[in-house]
Amino acid sequence: MRWRSDVTGQLPRLPKGFLFGAATASYQIEGAVDADGRGPSIWDTFAHTPGAVAGGDTGDVACDHYHRYAEDVELLKQLGAGAYRFSIAWPRIQPDGKGGVNAAGLDFYQRLVDELIDAGITPMATLYHWDLPQPLEDAGGWRERDTAERFADYAAIVHEALADRVPYWITLNEPFCSSFIGYAEGRHAPGAREGHGALAAAHHLLVAHGLAVRAMRAQRKNDERFGITLNMNHVTPATDAPADVAAAARAELLANRVFSDPVLAGRYPEGEVELWGEISDFSFRRDGDLALAHEPIDFLGVNNYFPQYAKDAPSQEPDLSRRVATDIGVVDVPPGSLPQTAMPWPAEPDGLRRLLVWLRDTYRDLPPIYITENGAAYPDTVADGAVDDRARIGYLDGHLRAVGQAIEAGVDVRGYFCWSLLDNFEWAYGYAKRFGLIYVDYQTQQRIPKASYHWYRQLIEQHA
């Protein structure tokens with residue numbers, strides 16, 4: 001069946017050579033958490049903590065991609081995807097986060113990459129999508145500089161094994177989530193609620209990024225390209241009131257500038273000390289760290305799902321010792337006129353266009369951009385063996401048009417990766433939220449391409 005846009009009847013148009021792909025993450029799809037020498041990650045520990053994940057779900061089996069990767073690559077091939085963004089599970093390579101290499105774990109990714117290349121699909125590897133080896137967390141995790149140094153060792157190991165076949169390398173996925181949602185809000189692994197510790201984690205993730213790029217670039221083989229993926233939102237004041245304008249500046253600092261300013265401009269963002277000086281002395285920073293964070297990158301990965309509308313909401317926590325790093329006196333109040341996804345997040349494609357233009361206008365010498373994640377969760381159901389997810393088609397259609405508008409405005413966007421190829425373990429939501437182009441029956445592991453899969457395939461065919 002051929003699907004057409006619900007918006008205008010015409011599919012979006014992107015430039016010649018634009019790269020279309022889909023994305024996944026290791027813990028969300030692989031399963032096989034104790035197979036072939038894999039060690040535990042912080043997400044294994046967190047998911048098995050009572051009350052941490054909706055429904056008591058875990059990633060123990062997930063989509064069983066570890067055993068079904070060939071089937072999933074075939075689905076990518078049928079989709080016509082030019083590239084596949086996947087992540088590598090650090091505990092499969094180094095179960096303790098350091099030391100020797102687990103050859104069986106590395107061999108899985110060798111087989112996956114070979115399968116992709118045989119299918120004519122370009123691999124894009126993400127080295128860290130949140131599954132920190134538990135022994136490193138037991139030693140302090142991302143609060144400690146040693147974790148950044150161990151990450152560089154791990155990056156060099158994986159790069160050495162796969163660089164002859166993998167042209168795109170992403171160091172970190174969404175360090176905002178790893179640090180602030182994991183170490184401040186406690187909604188993600190390791191489930192901590194801290195102020196100074198979360199800020200230290202954010203900083204050490206940037207140090208890890210720079211050390212890893214340097215380590216991989218030193219052993220470069222085939223003109224590989226190195227980058228980082230940041231989840232970013234365009235931020236708008238909820239009203240013109242001065243308090244809301246100030247709140248938007250704080251929200252932009254937290255959501256974007258903590259990471260984008262060091263990576264793209266080699267500076268710490270203005271306002272950090274004013275915002276967090278009461279809960280941190282920033283003693284985790286060392287001379288030379290900005291240069292590490294600003295290590296030249298060949299591309300920037302941008303993950304975006306929704307815009308933010310910031311309203312001032314003074315903190316209600318009088319005890320500074322209990323204040324977490326994300327307590328910045330802001331609430332998000334999107335306009336009620338915006339439709340919502342199942343998360344529920346506001347769906348506003350123009351927010352992505354505004355974000356890309358903001359990046360262009362804010363940073364000189366901005367590297368080429370790839371949209372490394374964009375997609376939506378909806379309450380998908382199977383009827384007569386099919387999934388008619390027209391709302392997702394509308395979401396993807398609108399956001400791809402927004403990318404096209406940003407390109408017309410002069411933003412150098414080179415590709416788009418839909419999140420996600422498969423329905424999967426959606427972190428603290430467990431299996432309650434479905435983002436995939438492909439429906440997964442978790443009881444039988446049957447894969448059912450949705451209407452959005454067929455629509456996306458038609459879009460890719462149009463650009464072939």
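Predicted model: local features only at pLDDT ≥ 70, side-chain atom pairs only at ≥ 80, totals over all residues.
Residues are numbered from 1 along each chain as its sequence is written, and side-chain values use heavy atoms, with hydrogens and water left out.

Back to Glu-373, which sits in strand 10 (residues 369–374). Helices (H or I, at least four residues) and strands (E, at least two) are DSSP runs, numbered from the N terminus. Leaving aside neighbours within four places in sequence, Glu-373 is in contact with a set of residues including Arg-85, His-129, Glu-174, Asn-303 and Trp-419; contact here means heavy atoms within 4.5 Å. Asp-289, by comparison, is 84 residues away from Glu-373 in sequence and 28 Å away in space, C-alpha to C-alpha.

Glu-174 is buried yet has no salt bridge, and the nearest side chain of opposite charge, Arg-85, is 6.7 Å away. For the bookkeeping, Lys and Arg count as positive and Asp and Glu as negative, while His and the chain ends are not counted; a salt bridge is a side-chain nitrogen of Lys or Arg within 4 Å of a carboxyl oxygen of Asp or Glu. What Glu-174 does have is a side-chain to side-chain polar contact with Asn-303 at 2.8 Å. A polar contact is a pair of N or O atoms within 3.5 Å; within protein, one must be able to donate a hydrogen and the other to accept it, and residues adjacent in sequence count only if both atoms are side-chain atoms.

Next, the strands. Strand 2 (residues 83–87) and strand 3 run parallel, joined by five bridges, and strand 3 also pairs with strand 4 in the parallel sense over four bridges. Two strands pair if DSSP finds at least two bridges between them. Ala-125 in strand 3 stands opposite Phe-86, and its bridge partner in strand 4 is Trp-169. Strand 3 (residues 122–128) is mostly covered, with six of its seven residues buried.

Among the helices, helix 9 (residues 196–218) is largely enclosed by the rest of the structure, because 17 of its 23 residues are buried. In helix 7 (residues 145–162) you'll find Thr-147, which is buried at a relative accessible area of 3%. The side chain of Thr-147 reaches the backbone oxygen of Gly-141 at 2.6 Å.

Finally, the salt bridges: a search of the whole structure finds 39. One of them pairs Asp-244 with Lys-311, the closest N and O atoms being 3.7 Å apart. That pair links distant parts of the chain, with Asp-244 in helix 10 (residues 242–265) and Lys-311 in strand 8 (residues 308–312), 67 residues apart. Asp-244 is buried at 4% relative accessibility, whereas Lys-311 is partly exposed at 33%. Asp-261 and Arg-257 also meet in a salt bridge (3.3 Å, N to O); they are four residues apart in helix 10, so about one helical turn separates them.

Note on methods:
Buried < 20%, exposed > 50% of the residue type's maximum accessible area, 1.4 Å probe, protein only.
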